[in-house]
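User: I would like to learn how to read the features of a structure, one at a time. Can we take a model and work through it?

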Number of protein chains: 2
Amino acid sequence: MDKTGISMTDTPRSGRSSEATREKLTRAAAELIAELGWGRVTTRAVAERAGVPHGAVSYHFRGKQELLIESCLAAFAQAVPFEEYAAKATLDDVVGLIGSEIDHGLHRDAVLGRLMFEAIREAERDEGLRERMGAMVTEYRKVLVAVVRAEQERGAISATISAEGVATLVTAIGDGLFLHALLDPDLDVSEALGTLRVLLATR
Amino acid sequence: MDKTGISMTDTPRSGRSSEATREKLTRAAAELIAELGWGRVTTRAVAERAGVPHGAVSYHFRGKQELLIESCLAAFAQAVPFEEYAAKATLDDVVGLIGSEIDHGLHRDAVLGRLMFEAIREAERDEGLRERMGAMVTEYRKVLVAVVRAEQERGAISATISAEGVATLVTAIGDGLFLHALLDPDLDVSEALGTLRVLLATR
DNA sequence: ACACGAGTTGGCCATCTGGACAAGTCAAAT
DNA sequence: ATTTGACTTGTCCAGATGGCCAACTCGTGT
């Protein structure tokens with residue numbers, strides 16, 4: 001059939017059944033980054049959790065770093081709910097979405113939030129990762145700006161406030177609150193978000 | 001004689017000249033945690049940067065983890081400007097302080113902010129570290145609550161808003177903004193903080 | 001039947017890592 | 001002067017780690 005078909009990206013040429021192994025590896029890697037932290041992940045541990053021999057890593061990826069980067073970017077691309085945010089017409093809904101994501105992320109087995117922090121930290125050490133992560137967050141913020149602008153046109157938020165400023169604030173609050181909630185499970189996230197709603201309401 | 005050289009209080013008995021070596025080690029460890037991430041720090045790298053032989057680590061600390069934990073807690077205890085915050089009578093001043101700390105933290109050689117994130121992530125894996133870090137953040141938030149209450153009595157902030165909620169929000173915004181600024185150096189932090197000031201102003 | 005080659009598997013190795021420890025240093029106490 | 005013990009220093013070791021690669025499997029095209 002086709003041999004030249006799928007590849008063109010990088011790594012060894014991607015064949016047919018190899019896709020399954022690659023995905024097992026990236027899934028396992030994402031979990032382990034979230035659990036152990038980027039620097040403590042070993043290729044052997046990833047292979048073991050994926051249920052494949054450790055030699056498979058060398059075949060499917062150029063090395064450990066490429067495996068880890070592809071793993072977290074794949075996890076984000078698949079999981080970040082841009083559409084959900086864009087569909088929300090009101091900031092109130094967005095704040096609610098943040099709250100439920102924090103709640104969900106506090107479960108022990110939740111990977112995405114923790115993976116996010118590890119990736120951001122690693123991005124400072126890896127040029128390519130930083131660019132890709134930065135583009136993602138920028139897009140996220142852009143969606144929020146659109147939501148804020150819509151609110152301002154509705155008159156729900158004062159038109160004199162910077163939409164970009166609000167978007168940046170809300171984005172930062174989401175991550176900051178999650179971080180602090182990880183540290184202190186008793187932190188009253190919903191009270192903070194309730195306060196945020198009040199502050200954002202028209203004056 | 002003593003084998004691991006451990007008293008029951010903590011680490012070896014604290015002598016006189018050993019304090020210098022210990023401090024060289026903790027300083028070097030804090031730097032390396034911030035630069036490489038918690039999981040990639042090695043005792044040898046710490047010793048080398050500290051300019052002491054690598055065996056010194058085993059003598060002065062029970063092991064790598066104790067060295068790292070003591071290093072970051074010492075760095076925080078010495079650097080977190082509780083007094084500065086407590087002295088600020090207005091939230092406006094506090095927001096300004098956050099801004100300048102973010103600006104300062106964005107420099108490559110700035111350790112504290114990066115160390116903070118590494119410590120929070122590690123706190124999820126280390127019970128003792130979590131408790132100590134949580135206590136620190138809680139105290140920080142408590143100071144902010146006092147500031148907010150003072151503002152409310154002055155009438156600068158509506159008395160109907162939850163002071164705890166505002167304190168939690170502001171704390172989270174500080175860390176969240178710093179995190180995003182690390183990822184995207186072009187992020188307009190001051191615009192976001194300006195917007196925050198507007199939102200916090202009396203209505 | 002046969003060769004081909006993508007994909008798989010497990011073994012190998014140079015290097016690193018954390019921790020242990022014996023021997024050495026030195027100043028204060030005796 | 002000698003002893004004592006905190007502190008230092010270099011070495012050693014068992015285990016892990018990342019990457020490499022030769023042998024193997026198996027579906028496909030000839």
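User: Let me start with one residue. In which helix of chain B is B:Glu164 found?

Analyst: First, the ground rules. This is a predicted model, where local features need pLDDT of at least 70 and side-chain atom pairs count only at pLDDT 80 or more, while totals for chains, interfaces and linings use all residues. Residues are numbered from 1 along each chain as its sequence is written, chains are lettered from A and ligands numbered from 1 in the order in which they are written, and side-chain values use heavy atoms, with hydrogens and water left out. Helices (H or I, at least four residues) and strands (E, at least two) are DSSP runs, numbered from the N terminus. B:Glu164 is found in helix H9 of chain B.

User: What is B:Glu164 in contact with, leaving aside its neighbours within four places in sequence?

Analyst: Contact means heavy atoms within 4.5 Å. By that rule B:Glu164 touches A:Glu191, B:Val145 and B:Arg149. Next, look for polar contacts: pairs of N or O atoms within 3.5 Å; within protein, one must be able to donate a hydrogen and the other to accept it, and residues adjacent in sequence count only if both atoms are side-chain atoms. The side chains of B:Glu164 and B:Arg149 are joined by such a contact at 2.7 Å. For a distance across the chain, take B:Ala47: 117 residues from B:Glu164 in sequence and 43 Å away in space, C-alpha to C-alpha.

User: Now the fold. How many helices and strands does chain A have?

Analyst: Chain A comes to 10 helices and 0 strands. Its C-alpha trace spans about 60 × 40 × 30 Å along the principal axes. Of its 203 residues, 52% count as buried.

User: A:Glu122 is charged. Which residue forms a salt bridge with A:Glu122?

Analyst: A salt bridge is a side-chain nitrogen of Lys or Arg within 4 Å of a carboxyl oxygen of Asp or Glu. A:Glu122 pairs with A:Arg125, the closest N and O atoms being 2.9 Å apart. A:Glu122 is buried at 2%, whereas A:Arg125 is partly exposed at 29%.

User: What joins A:Arg125 to B:Glu118?

Analyst: A salt bridge, with the closest N and O atoms 3.3 Å apart. B:Glu118 lies in helix H7 of chain B and A:Arg125 in the loop between helices H7 and H8 of chain A, so the pair joins two chains. B:Glu118 is buried at 8%.

User: How far apart in helix H8 of chain A are A:Glu127 and A:Arg130?

Analyst: They are 3 residues apart, about one turn of the helix. Their salt bridge has its closest N and O atoms 2.8 Å apart. A:Glu127 is partly exposed at 47%, and A:Arg130 is partly exposed at 22%.

User: How many salt bridges are there over all chains, and which residues are linked in a network?

Analyst: The structure holds 32. One network links A:Arg40, A:Arg114, A:Glu118, B:Arg121, B:Glu122, B:Glu124 and B:Arg125.

User: Last, the interface. How much area do chain B and chain A bury between them?

Analyst: Buried area is the accessible area (1.4 Å probe) that two parts lose on being put together, summed over both. Here it is about 4400 Å², 64% of it on carbon and sulfur atoms. On each side count residues: 51 of chain B are in contact with 51 of chain A. The rule finds 10 salt bridges across this interface, including A:Arg141 with B:Asp184 at 3.3 Å, N to O. Polar contacts number 18 residue pairs, both at pLDDT 80 or more.

User: Which element gives the largest share of the side of chain B that touches chain A?

Analyst: H9(B), with 15 residues.

Methods:
Buried means under 20% relative accessible area, exposed over 50%, partly exposed in between (1.4 Å probe, protein chains only).
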